[in-house]
Amino acid sequence: MERKIIETDILIIGGGTAGCMAAVEAKERYPQLNVTILEKAHIDRSGCLAGGMNAINAYLNKGETPESFVRYVRSDSCGLIREDLVKTMSELFEYCVKKVEKWGLPILCDDQGNYLPRGRWNIKINGESLKPILAKSARSAGAQVYNWINVTNLLMEGDRVAGAVGFSLRNGTFYVVKAKATIIATGGAAGLYRPNNPGDASHKTWYCPYNTGAGYAMGIRAGAEMTSFEMRYVALRTKDTIAPTGTIALGVKAPQVNAKGEQFMKTRYAHLGGDGAPTPYRTYGPLMEIKEGRGPVYLDTRGLTAEQVRELKAAYLDMYPSMVLYWAANNIDPSKEPIEVQTTEPYIVGGHCQAGYWVDGDRRTTVKGLYAAGDVAGGAPYKFVSGCWAEGVIAARAAGADIANMPPITVSEEQIAAEEARAFEAIKRPGKVRYPILPTDMEARLQKLLEQYAGGASTYYEMNEEMLQIARQRLAKFPADFNHLVANDLHQLMKVHEIMDRVDVAQTLVEHLLHRRETRWPSYQTRTDYPERDDVNWLKFVNSRRDPKTGNIQVLTRPYEQVIPGDRYKP
Amino acid sequence: MPVWVDPEKCNGCHGASQPPCLRMCPGDLIVKDHTANKAYLKYPEDCWDCLPCVKVCPEEAIEFHLSYQFGGKGAKLIPHIHKSHDQISWELIDTQGNSETFTIRTKLMPVALDEKVEGGTQTLDFSI
């Protein structure tokens with residue numbers, strides 16, 4: 001195979017929300033350093049922001065402070081977060097938003113030029129082109145971007161990360177990038193659980209279906225400590241199109257109602273804040289209405305003015321155009337009939353919840369030379385777009401400072417050859433194995449297994465010890481089948497690596513779900529055998545580390561530390 | 001099928017190796033048939049409905065179709081990019097043929113018709 005060897009100072013894996021901002025910050029602060037981005041798709045329209053965004057959902061509007069933000073996020077995440085991380089990211093919201101506005105992002109303002117809030121922590125944007133704006137800035141800052149590179153593994157120099165390897169989806173060139181510091185910004189993991197929609201809509205998911213947990217998996221294989229995988233994310237979305245409900249709920253203040261027209265959040269969840277209850281409860285509430293026979297559940301948009309409906313459609317066009325086409329195709333007028341909502345398949349994502357690398361305040365992971373930013377970094381939920389930017393900034397600043405005066409990296413040829421063999425194994429296998437397994441076949445098996453035994457939508461996301469033990473046992477059989485995976489072209493080779501990565505993520509996920517013997521985040525993590533929250537025993541983080549030599553996953557706990565005083569369950 | 005390249009309208013971006021629709025798909029799902037000089041969605045089941053391909057096509061040759069399971073045919077949503085690159089007009093046509101237009105501010109980046117790929121685009125033969 002052709003090889004391309006690149007030596008760089010800072011390698012960024014994933015040119016998305018966090019990765020682009022990390023590249024700009026690194027080049028601005030340390031112009032003498034080489035910054036390289038490896039991107040699986042094309043940086044102009046890759047990842048979560050491909051379709052656009054219509055709001056910045058983590059921003060300190062007038063009167064708010066990092067402290068008030070931490071208090072809110074803490075209560076929204078049921079009392080357990082890394083307060084240090086949430087605080088430091090919120091301190092950079094203004095810096096990042098102002099920067100992107102300067103690059104050309106249209107932000108909606110009032111007559112006095114103040115940003116228009118959409119909710120307490122949100123501002124409205126016209127972000128259809130947010131991703132190309134970020135990509136252009138990363139390139140203009142001087143980062144070297146390589147598109148269509150599927151990164152397959154990290155390189156190691158002793159116990160230190162020394163870059164990464166991958167292959168080109170266009171020509172099969174094997175890329176070896178030696179780096180003094182590596183920032184991982186690959187996003188979270190979709191496609192673990194069976195999709196809600198079948199057939200040609202199976203990728204009509206909330207989370208970007210091309211974020212397949214590669215960053216988590218590479219870290220897991222390298223022995224990095226991970227946190228809070230058990231805090232899965234299950235979104236409440238519009239039926240079928242999986243468009244965001246915040247656009248309606250916050251945009252036009254529509255309450256949730258059940259089939260009888262009852263505003264159940266106000267009645268049954270008043271003690272938790274009603275319609276403003278913590279996010280897991282805003283998924284759990286409607287789910288219970290459906291489970292107990294009071295569904296379907298709707299956002300009650302009846303009575304909206306024609307002008308409001310137009311505004312709603314315009315907001316969706318910046319982010320989820322399919323919502324607007326769906327209403328037109330099905331003759332739905334939101335001012336005359338309520339909008340049905342549903343819950344999604346579960347995802348592992350550190351930007352809404354807090355599954356990811358265990359990091360220090362500078363976003364250093366537990367493996368030397370490796371930094372994490374964005375959805376792949378743990379402990380700091382409620383990042384959304386601006387928090388991912390902030391983490392990119394923090395990681396880039398630390399990475400640049402840490403590698404001053406560092407000698408060049410050396411990586412053994414033996415390791416490179418082994419990684420090259422691993423990267424291309426599956427494409428050399430067709431015709432050579434008696435029982436070939438396509439990546440889609442393994443995907444179906446994984447999704448069905450997690451769906452049925454690890455809290456999928458069909459069991460209302462509920463699980464118990466016995467189910468999880470079955471999931472653990474059956475998952476343990478998957479790696480032996482990796483030797484049968486076949487790829488007939490480079491696109492399929494990417495899918496082979498995606499499914500192997502998701503199996504690694506799933507094994508860690510199940511260990512986390514087994515370990516937390518309480519229910520802290522109903523619907524994200526509902527244990528029927530431990531249905532109550534238990535602050536005496538479980539106000540702590542569940543972490544894990546897979547031994548790179550034995551493959552055994554060790555689960556451990558880390559203490560919660562309160563930084564901001566106050567009642568942890570009050571915003 | 002969520003998006004569909006109209007072969008009547010697609011001109012292959014004048015022989016481009018990597019036309020914009022192909023480059024802007026975050027799932028790398030669009031390929032070009034170089035013999036016919038047309039792009040097409042090779043993996044429809046993997047489409048996310050995110051629409052960069054539709055917005056970036058200089059010929060407006062890519063139609064946004066709703067999956068049939070969601071209501072299917074009958075309505076249309078067509079984005080028109082303003083030459084100034086700072087606005088996008090979405091033309092919405094419902095099942096009765098009524099149309100409504102939404103003009104929204106944006107900041108579109110100019111997109112070249114083709115882009116050179118580092119290391120070329122030859123297909124490798126792994127059978128030997």
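This is a predicted model: local features need pLDDT of at least 70, side-chain atom pairs count only at pLDDT 80 or more; totals for chains, interfaces and linings use all residues.
View 1. Together the two chains bury about 5200 Å². Carbon and sulfur atoms account for 59% of that area.

**View 2. Charged and polar links between chain B and chain A.** Eight salt bridges join the two chains. One of them pairs Lys313(A) with Glu100(B), at 3.5 Å from N to O. There are also 26 residue pairs in polar contact between chain B and chain A.

**View 3. Domains 2 and 3 of chain A.** Domain 2 spans 237-343 and domain 3 spans 416-539. Their centres, taken over C-alpha atoms, are 32 Å apart. Nine residues of domain 2 contact eight residues of domain 3. The buried area is about 840 Å², with 67% from carbon and sulfur atoms. On the domain 2 side, Pro280(A), Leu287(A) and Lys291(A) lose the most area, together 52% of what that side buries.

**View 4. The salt bridge between domains 2 and 3 of chain A.** One salt bridge crosses this interface. Lys291(A) meets Glu462(A), with the closest N and O atoms 2.9 Å apart. Three residue pairs are in polar contact across the interface. Helix H9 (residues 279-291) of chain A supplies the largest share of the domain 2 side, eight residues. That side has five nonpolar, three polar and one charged residues.

Notes: Residues are numbered from 1 along each chain as its sequence is written. Chains are lettered from A and ligands numbered from 1 in the order in which they are written. Side-chain values use heavy atoms; hydrogens and water are left out. Buried area is the accessible area (1.4 Å probe) that two parts lose on being put together, summed over both. A salt bridge is a side-chain nitrogen of Lys or Arg within 4 Å of a carboxyl oxygen of Asp or Glu. A polar contact is a pair of N or O atoms within 3.5 Å; within protein, one must be able to donate a hydrogen and the other to accept it, and residues adjacent in sequence count only if both atoms are side-chain atoms. Domain bounds come from an automatic or database domain assignment. Contact means heavy atoms within 4.5 Å. Helices (H or I, at least four residues) and strands (E, at least two) are DSSP runs, numbered from the N terminus. Ala, Val, Leu, Ile, Met, Phe, Trp, Tyr, Cys and Pro count as nonpolar, Asp, Glu, Lys and Arg as charged, and the others, Gly among them, as polar.
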